[in-house]
Amino acid sequence: MRLETFNQLSAEQAQAAIAHCVAIPRWRQAVAAARPYANMAALIAQAGALAQQWDEADFSQALTAHPRIGERAAGEEKAAALSRREQAAVGQDAALQQALRAANLAYEERFGHLFLIRARGRSGEAILAELRRRLANTPGEEQREALAQLREITLLRLEESFA
Ligand SMILES: NC(=O)NC1=NC(=O)NC1=O
């Protein structure tokens with residue numbers, strides 16, 4: 001979609017146009033309400049600033065739309081298709097898949113929620129290394145890192161929506 005088109009949509013249509021970026025309705029409403037955007041830089045800047053407001057509740061809500069790393073997102077909606085593409089780099093190596101499964105479980109036991117990472121541009125091995133590194137975080141450190149990763153995924157998806 002062109003940014004000019006996005007600027008002219010109704011509020012509901014604009015929110016629907018960015019629904020695949022992140023499952024946080026409050027953010028989608030605020031990004032749509034801040035239109036019109038003069039250019040992509042203004043959109044990304046505003047979307048990023050709004051994403052800085054995300055708290056633990058927003059994070060939990062967003063996780064419902066992200067499959068575990070290494071697991072294929074089910075369903076045909078756009079967000080699932082994006083997850084599959086973002087995670088394509090994880091590849092099919094059985095040993096790596098097994099190591100990711102074990103590390104994901106350890107992470108979920110320690111932090112009580114899914115491990116989230118911006119997978120785009122990362123190999124499966126790099127993701128596993130990050131997962132193991134972050135396992136050593138305190139809950140506070142990990143909340144900050146996980147929110148930052150959610151922002152990266154969201155802004156990447158937003159950027160390519162209007163590329
Ligand atoms: N658990 C995850 O990290 N999921 C994901 N990371 C991405 O970059 N896309 C996903 O769906």
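Predicted model: local features only at pLDDT ≥ 70, side-chain atom pairs only at ≥ 80, totals over all residues.
Local features required pLDDT of at least 70 and side-chain atom pairs pLDDT 80 or more, while totals for chains, interfaces and linings use all residues. Residues are numbered from 1 along each chain as its sequence is written, and side-chain values use heavy atoms, with hydrogens and water left out.

The largest nonpolar core holds 31 residues. A nonpolar core is a set of buried Ala, Val, Leu, Ile, Met, Phe, Trp, Tyr and Cys residues joined through side-chain atoms within 4.5 Å. Buried means under 20% relative accessible area, with a 1.4 Å probe and protein chains only. F6, W27 and L158 touch the most other members. At least two residues come from each of α1 (3–8), α2 (11–17), α3 (25–33), α4 (40–51), α5 (56–63) and α9 (139–161). Helices are DSSP runs of H or I, at least four residues long, numbered from the N terminus. α9 gives the most to this core, with six residues. Apart from this core lies another, of 14 residues, including I69, L96, A103 and F115.

W27 touches I18, C21, V22, A47, L50, A51, W54, T154 and L158, not counting residues up to four places away in sequence. Contact means heavy atoms within 4.5 Å. In α3, W27 is buried, as are R28, V31 and A32. They lie on the same side of α3, because they cover an arc of only 130° around the axis. The arc is that of the directions from the helix axis to the C-beta atoms. The buried residues of α3 pack against α2, α4 and α9. P36 lies in the loop between α3 and α4. A cis peptide bond joins R35 and P36, with omega about 5°.

In a cavity, a 1.4 Å probe fits but cannot get out; a pocket is an open set with protein on both sides within 12 Å along at least five of seven lines. Lining residues have an atom within 4 Å of a point. The largest pocket has a volume of about 180 Å³. Its lining comprises 13 residues, with G70, R72, Q87, A88 and Q92 nearest the centre. There is one cavity of 30 Å³ or more. About 120 Å³ of space lies in the largest cavity. Of its 14 lining residues, H66, E86, I117, A119 and I153 are the closest to its centre. α6 (78–86) and α9 each supply at least two residues of this lining.

How values were computed: Buried < 20%, exposed > 50% of the residue type's maximum accessible area, 1.4 Å probe, protein only. Points joined across faces, edges and corners; volume = space filled by probe spheres on them.
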